Amino acid sequence: MKPNLIMSFESSCDETSVAIIQNGDRILSNIVATQIPSHKRFGGVVPEVASRHHIEEITYCMQDALEEAHVTYDDLDAVAVTYGPGLVGALLIGVTAAKTVAWAHHLPLIPVNHLAGHIYAANFVKPIRFPALALVVSGGHTELVKMPKRGQFQIMGETRDDAAGEVYDKVGRVMGITYPAGPDVDHLAHLGHDVFHFPRDMEKAHNYDFSFSGLKSAFINVVHHAHQMHRRLNRADLAASFQDAVVDVLVYKTRKALQNYLVKQLILGGGVAANSSLRARLKSMLERDFPQTEFLKAPKKLCGDNAAMIGGAGYVFYQEHRFAGPDLNADPGLEFDWAPGALQ
Amino acid sequence: MKVLALDTSNRPLSAAVLQDQKILSTRLTTVHRKHSSELLPIIEGLMDDAGFQPVDLDRVVVASGPGSYTGIRIACTTAKVLAFTLGIQLVGVSSLKTLALNFSADEGALVNPVFDARNENMYTGLYRIQNQVPVSVIRDQHISLGAWLQKLQSVQQPILGIGDASHFKARFQRALPQYHLVAGEDNLPQAAELGIFGETQEPVRDVNHFIPNYLRLTRAQADWWKKHPDASKDPGSYIDMYQAK
């Protein structure tokens, strides 16, 4: 039987990416044009610059994706695209490109939620089994997602303020680490110890929501105070104390969700899912408290934004015939529905 | 030659399907706000009217800026990806020149298309109609109203002001007695005119290189280049491309 082939597009933030996915779980090609060197100049993502880069790079990515996969448009079964959440101007390039390809070649168009993509990055490692719980942690998102069945995504909890990856970048800026700060802070953290005991926003709320603003303020206060007193702080200890606090909160809330929602798998995805401490701490928590639950992590190469994960998730919707028309628009504030009875 | 022409540079959305310089079907709307939702359904309708399939097209002509950043990217992304995916020709035409095409019949006329760029700034240029096409006299630019009025002071001939010029009506007419604001639909871009003109133009050599002509850096880029005058101006040098498998 001819394999199913999906061409997928991702442009929600600062990566332009096009991939060719076979049967939902095999990557034939996954071209990523990252704008990190560009936005590094400005200390963070500048939305208008991001949009300009996307239109510069989009056809190069398409060309390489087709060539690497040895595929032509005639071989394709569908086109999938991230239509939200993300930066509206950035999303529009991928959405417009995907719609145009679908129209030009008479292919169905599959709209994909970016976070479903991050979750389905793990499906390239092993098939997702249901019910599952996913923790998605990235520069723009921190969310616990309940997946009762294939193709169903329900929010159990999300960040009330900053996303975890966003706090990494802000803390990094205070420490003089350039955007994106996650990998460097992670590296530094392993050389230090938690001596600052930053606040963990955990016990107050009885729901599964996250909050990192208190931690961020505490961190900035400590650094500014030391600066005023002309005292030098140990950078490794600062990083370790910060990272311990972030990971404590993420693990605590995930554990709480698992206590109330029995699942076959815990899935970890998103840019911050590459964080070594988060991976290790979730693993030991599962082994200790939920030995029946399998830990399925997105491969490190697919933690950042990429189109392969969008094609992977898109295949699920393809099978359910969840298609969009030529009027598909970007939806920068797109969200999954909340889980029934979730404490908001 | 079968041509699709598109302009979403500003609030008006205009699209047309032509064959050998003849208009088969065209549409102009000024009511829609969501060009990204509207453009492809409108193209589909025009293609149906003409009885064309996407693969029948030989060329896409697009108004490539200046204008609303997001607006120009809608038509430009559609045109670029369509040309790339079908392997057909692509022509980009200044969005200001596209507006000046409305006066192609007024041989010798001086035409000044204007797009409001807010804060007393505008995107504008000066064109003279020669051999039934607008030829640039003063290049397209992003400029303050005051500076532009000064540039036009020395022009003796009557100037036809079109586009968003009505926003600056009083100022134009006080400063330049020879300036005439045009009323009515000549202020709106006509994709049919764009298609007819675009059919005569040289297509871009490499579709991959095609980008809109914003005529303006972002604030972040301008500030950065001020501090790093020797840094590469090639946007591609700030992109890393890799395969994630």
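**Note on a predicted two-chain model**

1. In β2(B), the residue that stands as bridge partner of L6(B) is A15(B). Strand β1 (residues 2-7) of chain B is joined to β2(B) by 6 bridges, and the two run antiparallel. Together β1(B) and β2(B) make a hairpin, with 5 residues between them.

2. Strand β2(B) is mostly covered, with 6 of its 7 residues buried.

3. Further along chain B, 5 strands form an open sheet in the order β8-β7-β6-β9-β10, with mixed pairing. Its edge strands are β8 (133-144) and β10 (179-181) of chain B, each of which pairs on one side only. Neighbouring strands of this sheet are turned by 25 degrees against each other on average, direction ignored. Strand β7 (residues 121-130) of chain B is joined to β8(B) by 9 bridges, and these two strands run antiparallel; in this region Q130(B) stands opposite V133(B) in β8(B). Helix α4 (residues 145-153) of chain B lies across β6 (110-116), β7, β8, β9 (159-163) and β10 of chain B, and runs at about 140 degrees to β8(B).

4. How do the two chains' α2 helices lie against each other, and at what angle do their axes cross? The axes of helix α2 (residues 47-69) of chain A and helix α2 (residues 69-86) of chain B come within 10 Å and cross at roughly 5 degrees. Angles under 35 degrees count as roughly parallel, and therefore α2(A) is roughly parallel to α2(B). Residues of α2(A) including R52(A), I55(A) and M62(A) take part in this contact, as do residues of α2(B), among them R73(B), K80(B) and F84(B). The residues of the contact divide into 7 nonpolar, 5 polar and 5 charged.

5. The largest nonpolar core has 92 residues, and those with the most contacts inside it are I119(A) and M147(A). Helix α8 (residues 235-260) of chain A gives the most to this core, with 13 residues. Leaving aside residues up to four places away in sequence, I119(A) touches I128(A), A134(A), V136(A), V145(A), M147(A), F153(A) and I267(A). Apart from this core lies another, of 83 residues, among them F9(A), I58(A), L82(B) and I239(B).

6. Some backbone details deserve a careful look, because most residues other than glycine have a negative phi and most peptide bonds are trans. A cis peptide bond joins F130(A) and P131(A), with omega about -5 degrees, and P131(A) is placed in the loop between α4 (114-120) and β6 (132-137) of chain A. The peptide bond from G65(B) to P66(B) is also cis, with omega near 5 degrees, and P66(B) is in the loop between β4 (59-63) and α2 of chain B.

7. Two further loop residues have positive phi values. H70(A), with phi near 55 degrees, lies in the loop between α2 and β4 (78-84) of chain A. Its relative accessibility is 73%, so H70(A) counts as exposed. L215(B), with phi near 65 degrees, is found in the loop between α6 (191-198) and α7 (219-227) of chain B, and L215(B) is partly exposed, with a relative accessible area of 26%.

Definitions and conventions. Residues numbered from 1 in each chain as written. Chains lettered and ligands numbered in written order. Predicted model: local features only at pLDDT ≥ 70, side-chain atom pairs only at ≥ 80, totals over all residues. Heavy atoms only, no water. Pairing = 2+ DSSP bridges. Helix = DSSP H or I, 4+ residues; strand = E, 2+ residues; numbered from the N terminus. Axes fitted to C-alpha atoms, helices over the stretch in contact; angles between N-to-C directions. Contact = heavy atoms within 4.5 Å. Parallel < 35°, antiparallel > 145°, perpendicular 65-115°, else oblique. Nonpolar A, V, L, I, M, F, W, Y, C, P; charged D, E, K, R; others polar. Core = buried A, V, L, I, M, F, W, Y, C linked by side-chain atoms within 4.5 Å. Buried < 20%, exposed > 50% of the residue type's maximum accessible area, 1.4 Å probe, protein only.
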